[in-house]
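This briefing concerns a single structure, shown below. Please keep the sequence and the coordinates at hand while reading.

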Amino acid sequence: MPNFPIRTYEGSHREIGLRRGKELSATLRVPPASGARKAFAAACMERASELHPPLIDLFDGMIEGSGFDRGDFMVMFFARQQSMLGCTVIAAAPPLSAAGGTIVARNYDWFTADREWREARILRPRGFPACAAFTHHWWGNPDVVTENGLCVFVASLMPKIAEEPGIQWNLLVDAAVERCASTAEAVALLSAAPHLRSMNYLVADSGSAAVVEASAAGTKVRWAKDGFCAATNIALGENPERILRAESDDKILASQVPFRSVHSAAGMRRALKRYRRAARLATNASATDAGDLGKVTEDDILRVLQDHDVPVCCGHASPYIEFNWATIWTSVCRPAERAMKVSADFACRPDFATLRGM
Ligand SMILES: [Zn+2]
């Protein structure tokens with residue numbers, strides 16, 4: 001039995017929102033928002049409605065179910081600005097992956113206080129693909145796989161404050177998994193959308209993977225190269241191999257969105273180290289089998305996620321123990337199987353439970 005709850009949401013978007021709103025009325029505190037924030041959120045809501053109208057039905061259902069003040073919750077739902085630097089997401093797609101197509105795996109690093117909110121969600125919105133998701137968020141889903149064999153995993157980037165209205169990260173994930181069936185379709189949707197939050201979206205199907213690096217300034221897409229792509233919390237553009245080869249870490253950090261604190265600089269430096277560690281998967285694989293690209297297995301990727309030297313598995317047994325921050329789950333997705341498995345613990349203590357939408 002998994003050591004986390006599994007909640008199933010079925011029906012129309014409004015019905016799903018109604019049920020979730022009732023649950024949230026007991027647990028979520030919605031802060032009061034200013035008139036200016038409400039006006040901005042209304043414009044963001046308009047953008048979300050243009051992209052995927054069912055998102056508005058979901059919001060309306062949540063308002064009805066929760067009794068939250070509509071304006072205050074509109075700001076929280078459509079325009080909340082917050083970004084923390086954690087997470088490592090790695091994809092090995094063909095030809096890098098062993099049999100069975102693309103493998104995507106991640107560590108989710110976050111405040112340890114949020115461990116109590118970890119849960120799986122099975123989402124079956126009427127008229128759209130069913131999904132399995134894992135999250136600690138009141139509605140957003142950072143890890144999702146659909147019954148069509150598409151997965152989306154996120155890793156946040158240093159925030160760039162959006163001056164123009166855009167669409168919240170989790171609503172973009174909802175829209176992508178409900179409207180797209182392939183990596184290419186999800187990349188197209190995410191590239192065309194106006195973004196509110198700076199975020200890496202790693203999207204993959206059984207044969208391909210890509211990272212959409214998004215912010216209010218626009219998007220860059222890096223397709224898997226020889227089957228490899230990864231995302232941590234640093235912007236590396238379309239060709240990270242070239243940047244990592246040519247530039248020092250200090251220069252790469254200096255090229256990032258202006259960051260506000262020593263804490264942010266340290267967080268990005270660690271994100272860069274985690275990216276470099278992940279990228280060794282691809283180079284090691286090609287070096288071990290001359291003439292035939294070495295095949296990366298799930299265990300190879302898990303070994304990266306369990307690394308305590310960088311560390312990739314963070315929050316214990318590492319040089320960077322912070323009392324309130326750690327890897328709070330690890331998940332592995334095989335899009336071809338339309339399933340993912342999740343272990344709600346440190347990456348080095350895997351105890352996986354399998355989730356699927358159907
Ligand atoms: Zn560990």
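The model is predicted: local features need pLDDT of at least 70, side-chain atom pairs count only at pLDDT 80 or more, and totals for chains, interfaces and linings use all residues. Residues are numbered from 1 along each chain as its sequence is written.

**Sheet**
- An open sheet is built from 6 strands in the order 11-2-3-12-13-14, with antiparallel pairing. Strands (E, at least two residues) and helices (H or I, at least four residues) are DSSP runs numbered from the N terminus, and two strands pair if DSSP finds at least two bridges between them.
- Strand 11 (228-231) and strand 14 (353-356) form the edges, each pairing on one side only.
- From one strand to the next, the twist averages 20°; axes are lines fitted to C-alpha atoms, for helices over the stretch in contact, and angles run from 0 to 180 degrees between N-to-C directions.

**Pairing and packing**
- Strand 3 (residues 103-111) pairs with strand 12 (residues 325-334) in the antiparallel sense over 8 bridges.
- Y108 stands opposite W329 in strand 12.
- Helix 10 (residues 298-305) packs on the sheet and touches strand 2 (88-92), strand 3 and strand 12; contact requires C-beta atoms, placed from the backbone, to lie within 7 Å. The direction of helix 10 makes about 20° with that of strand 3.

**R338**
- R338 is found in the loop between strand 12 and strand 13 (339-343).
- R338 counts as buried because it has 22 C-beta neighbours inside 10 Å; the cut-off for buried is 20 or more other C-beta atoms within 10 Å, with C-beta atoms placed from the backbone.
- Leaving aside neighbours within four places in sequence, R338 is in contact with V145, E147, G149 and R356.
- R338 and E147 are 191 residues apart along the chain, and their C-alpha atoms are separated by 5.3 Å.

How values were computed:
Two residues are in contact if their C-beta atoms, placed from the backbone, lie within 7 Å. A residue is buried if 20 or more other C-beta atoms lie within 10 Å of its own, exposed if 12 or fewer, and partly exposed in between; C-beta atoms are placed from the backbone.
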